[in-house]
Amino acid sequence: MSKILLLGCGNMGGALLKAWAAKTDHIFTVADPAQLDLPGNVSRVGSVEELGEDMFDYLIIALKPQIIDEVLPAYLPRLSPSGVLSSIAAGYSAERLAAHAPGRSVIRIMPNLPAVIGKGVNGLYAHGSVSDKESREIEQLALCSGETVWVESEDMLDRLTAVAGSGPGYVFEMLRAYVEAAENLGFSEKDARNLVLGTVRGTVELALESNQSLEELRKSVTSKGGTTAAGLNALNGGEEFSALIRDTLGAAYKRAVELR
Ligand SMILES: NC(=O)c1ccc[n+]([C@@H]2O[C@H](COP(=O)([O-])OP(=O)(O)OC[C@H]3O[C@@H](n4cnc5c(N)ncnc54)[C@H](OP(=O)(O)O)[C@@H]3O)[C@@H](O)[C@H]2O)c1
């Protein structure tokens, strides 16, 4: 059981905290000036002064990246000398975190939005020397909100951010266009949404349960000269769709590098 200070508790921090507090026996304190609807076993302070003499084993940053430099220094003395500094902030490197807390272990967590329903994918990156116990404890936390993937370098975490951290945004946009196209074919907004979300959910669940590759699965629903083949030819016959997805991830990765 560890004492964990969560610095900032907005949309993502709040979603993760809910899962962490429900599924672990750690003692959580939130530092956030906003009045928040927190789980019963979590305490909140509005400022560092309200922490009294409390010291923590983990300090996890869930602030917007642009205010970390301003807010973090006041809270760092509350991290025990052997404590771990962790952060879910996108675009704020482990190098920069380590510069705030020389000698401390630093672990970055990159969650994504489905964490809100316990179905997220979390990228994890341990910077410098981090013990097995520290990695395990952070991984246990991350597993509360979904799956975990460890990466070996900060650069790979930026790549993972482009794939999974930003991923829900791309998927929402694809779903929006798919629903709009269904409406164009004559369905009401409600029916179009149900048809599209039901089709996508069923397809993803089928793919998760199947041992076949995605290409094999696609071929299994595509008969020569049929309706699916006609649609697929319009979607990616000239490979434009593949190129677009590659460019999408490439642009997000480029931005993550710029923000380092
Ligand atoms: N949302 C996502 O899908 C997602 C995915 C991956 C990573 N992340 C990362 O998660 C981090 C948080 O994102 P978010 O979407 O949860 O942002 P958010 O909703 O704005 O949450 C940030 C929280 O920090 C609070 N705060 C502001 N100043 C503070 C201070 N001085 N001391 C303590 N708390 C303070 C904010 O309060 P006020 O609202 O009152 O200012 C807010 O409750 C970001 O770094 C982001 O990169 C988010």
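This is a stop-by-stop tour of the structure, with something to select at each stop.

**Before you start**

You have a predicted model open: local features need pLDDT of at least 70 and side-chain atom pairs count only at pLDDT 80 or more, while totals for chains, interfaces and linings use all residues. Residues are numbered from 1 along each chain as its sequence is written, and side-chain values use heavy atoms, with hydrogens and water left out.

**Stop 1: the whole chain**

Show the C-alpha trace of the protein chain, which spans about 70 × 35 × 35 Å along its principal axes. Switch to cartoon and you get ten helices and eight strands; these are DSSP runs numbered from the N terminus, helices being H or I with at least four residues and strands E with at least two. Of the 260 residues, 38% are buried. Here buried means under 20% relative accessible area, exposed means over 50%, and partly exposed is in between (1.4 Å probe, protein chains only). Take contacts next, meaning heavy atoms within 4.5 Å. Among those between residues at least 6 apart in sequence, 57% join residues at least 24 apart.

**Stop 2: two domains**

Colour 3-165 as domain 1 and 167-259 as domain 2; such bounds come from an automatic or database domain assignment. Their centres, taken over C-alpha atoms, are 33 Å apart.

Now select the place where they meet. Twelve residues of domain 1 are in contact with ten residues of domain 2. The two domains bury about 800 Å² between them, with carbon and sulfur atoms giving 61%. That figure is the accessible area (1.4 Å probe) that two parts lose on being put together, summed over both. Pick out Gly 91, Asp 158 and Ala 162 on the domain 1 side: they lose the most area to domain 2, together 48% of what that side buries.

What kinds of polar pairing cross this interface? The rule finds four residue pairs in polar contact, both residues at pLDDT 80 or more. A polar contact is a pair of N or O atoms within 3.5 Å; within protein, one must be able to donate a hydrogen and the other to accept it, and residues adjacent in sequence count only if both atoms are side-chain atoms. Salt bridges between the domains number zero; the rule there asks for a side-chain nitrogen of Lys or Arg within 4 Å of a carboxyl oxygen of Asp or Glu.

Next, select helix α5 (residues 154-165), which gives the most to the side of domain 1 that touches domain 2, with seven residues. The residues of that side divide into five nonpolar, three polar and four charged. In this grouping Ala, Val, Leu, Ile, Met, Phe, Trp, Tyr, Cys and Pro count as nonpolar, Asp, Glu, Lys and Arg as charged, and the others, Gly among them, as polar.

**Stop 3: salt bridges**

The structure holds nine salt bridges. Arg 159 is partly exposed at 37% relative accessible area, and Asp 155 is partly exposed at 23%.

Move on to Asp 69 and Arg 96, a salt bridge of 3.3 Å, N to O. Asp 69 lies in helix α2 (residues 68-75) and Arg 96 in helix α3 (residues 94-100), so the pair ties together parts that are 27 residues apart in sequence.

Then select helix α10 (residues 240-259), where Arg 255 and Glu 258 are three residues apart, about one helical turn. Their side chains meet at 2.9 Å, N to O, in a salt bridge. Arg 255 is partly exposed, at 46% relative accessible area, as is Glu 258 at 47%. For a network, show Glu 173, Arg 176 and Glu 180, joined by salt bridges that share partners.

**Stop 4**

Finish in strand β6 (residues 105-110), the place of Ser 105. Is Ser 105 buried or exposed? At 10% relative accessibility, Ser 105 counts as buried. Its side chain reaches the backbone oxygen of Ser 129 at 3.3 Å. Beyond neighbours within four places in sequence, Ser 105 has contacts including Gly 83, Leu 85 and Glu 134.

Follow that last one to helix α4 (residues 132-143), which holds Glu 134. Glu 134 counts as buried too, at 14% relative accessibility. Not counting residues up to four places away in sequence, Glu 134 touches Tyr 58, Ser 82, Val 84, Ser 105 and Ile 107.
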